[in-house]
Amino acid sequence: MNKTGLIFDVDGTLWDSSYRVAESWNNVFLRHDDIKTDCNRDKIMSVMGKTMTDIADIFFPDLDDDKKLTYLKECEDYELEYLKDNPPKPFDGVYDVVKKLSEKYPLFILSNCQSGYIELFMNICGISNYITDIECFGNNHKSKSENIRLLSERNCIDNYYYIGDIQSDYNATIEAGGRFIHAAYGFGTIDAVVPKIDNIYDILSLIEELESARKNNE
């Protein structure tokens with residue numbers, strides 16, 4: 001019997017932390033005279049979905065590699081502490097939908113974020129008990145497509161859907177051989193015709209429709 005899993009992106013799919021992340025990074029930037037930029041929500045949103053090393057190149061292009069990584073690590077560490085004290089709000093319905101879906105499907109969370117970010121998100125939302133496994137770039141420095149494969153293989157998932165909001169989420173899912181659902185309320189558009197949801201509640205009925213159609217075609 002085929003096992004189907006649902007893999008969720010975080011930013012733009014389950015919550016929007018961009019305001020809080022920008023605030024935290026600005027606090028770090030102010031500590032260093034050689035950081036000549038500032039941070040705001042638009043800048044954070046523009047790099048959502050990129051790996052942390054790519055983000056370092058974008059924010060600190062004039063610094064040497066060692067300093068980029070040092071400052072990025074400082075931003076990551078401070079961000080987690082800042083978000084604990086200033087938690088972003090999950091999108092409406094996340095807790096209820098995750099709890100309901102977990103009754104039928106194994107659920108996973110996968111992002112290009114730093115280590116500890118997904119755990120923090122789950123604790124803030126109160127959904128840790130409903131999530132089977134997680135993975136992120138910060139844990140192993142693997143690409144999103146590699147981590148999608150890794151997550152599905154180690155959990156013996158025969159069929160899976162990745163729910164994300166930006167083009168790179170779609171590209172990684174297709175490269176990994178999975179099925180993609182666009183969180184159209186999120187941060188980006190998708191240059192392909194794909195199933196979509198306009199709010200998190202829509203996933204409940206859409207998954208049933210997609211799974212029914214898939215099984216009928218087997």
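Me: How many residues of the lining of the largest cavity are nonpolar, how many polar and how many charged?

Reply: Bearing in mind that this is a predicted model, one reads a lining by sorting its residues by class, and here the lining of the largest cavity divides into 10 nonpolar, five polar and seven charged residues. The structure holds one cavity of 30 Å³ or more, and about 260 Å³ of space lies in the largest cavity. Of the 22 residues that line it, Asp11, Met48, Gly49, Met52 and Ile55 are the closest to its centre.

Me: Which helices each supply at least two residues of that lining?

Reply: Helices α1 (18-29), α2 (41-47) and α3 (52-59) each supply at least two residues of the lining of the largest cavity.

Me: Turning to the sheet, in what order do the strands run, and is the pairing parallel or antiparallel?

Reply: The general idea is that strands of a sheet pair through backbone hydrogen bonds, in either a parallel or an antiparallel sense. In this structure six strands form an open sheet in the order β3-β2-β1-β4-β5-β6, and the pairing is parallel. The edge strands, each of which pairs on one side only, are β3 (133-136) and β6 (196-197).

Me: Over how many bridges do β4 and β5 pair, and how many residues of β5 are buried?

Reply: Strand β4 (residues 159-164) and strand β5 (residues 179-183) pair in the parallel sense over four bridges, with Ile163 standing opposite Ile181 in β5. Because four of the five residues of β5 are buried, this strand is largely enclosed by the rest of the structure.

Me: For a helix, how does one read burial, and which residues of α5 are buried?

Reply: In helix α5 (residues 94-102) the buried residues are Val94, Val97, Val98 and Leu101. Seen down the axis of α5, they fall within an arc of 95°, and therefore line one face of the helix. What covers these buried residues includes β1 (4-8), β2 (107-111), α6 (117-125) and α10 (202-217).

Me: Is Cys136 buried or exposed, and which residues beyond its sequence neighbours is it in contact with?

Reply: Cys136 lies in strand β3 and is buried, since its relative accessible area of 3% is under the 20% cut-off. Leaving aside neighbours within four places in sequence, Cys136 is in contact with Ser111, Cys113, Gln114, Ser115, Ile118 and Asn147. As for distance, Cys136 and Ser168 are 32 residues apart in sequence and 15 Å apart in space, taken C-alpha to C-alpha.

Me: Finally, where are His141 and Cys156 found, and what is the phi of each?

Reply: His141 is found in the loop between α7 (137-140) and α8 (144-154), and although it is not a glycine, His141 has a positive phi of about 60°. Cys156 is found in the loop between α8 and β4, and its phi is near 55°, again a positive value in a residue other than glycine. His141 counts as exposed at 56% relative accessibility, and Cys156 is exposed with a relative accessible area of 56%.

Note on methods. Residues are numbered from 1 along each chain as its sequence is written. This is a predicted model: local features need pLDDT of at least 70, side-chain atom pairs count only at pLDDT 80 or more; totals for chains, interfaces and linings use all residues. Side-chain values use heavy atoms; hydrogens and water are left out. Buried means under 20% relative accessible area, exposed over 50%, partly exposed in between (1.4 Å probe, protein chains only). The arc is that of the directions from the helix axis to the C-beta atoms. Contact means heavy atoms within 4.5 Å. On a 1 Å grid over the protein atoms alone, a cavity is a set of points where a 1.4 Å probe fits but cannot get out, and a pocket is an open set with protein on both sides within 12 Å along at least five of seven lines; lining residues have an atom within 4 Å of a point. Grid points are joined across faces, edges and corners, and a volume is the space filled by probe spheres set on the points. Ala, Val, Leu, Ile, Met, Phe, Trp, Tyr, Cys and Pro count as nonpolar, Asp, Glu, Lys and Arg as charged, and the others, Gly among them, as polar. Two strands pair if DSSP finds at least two bridges between them.
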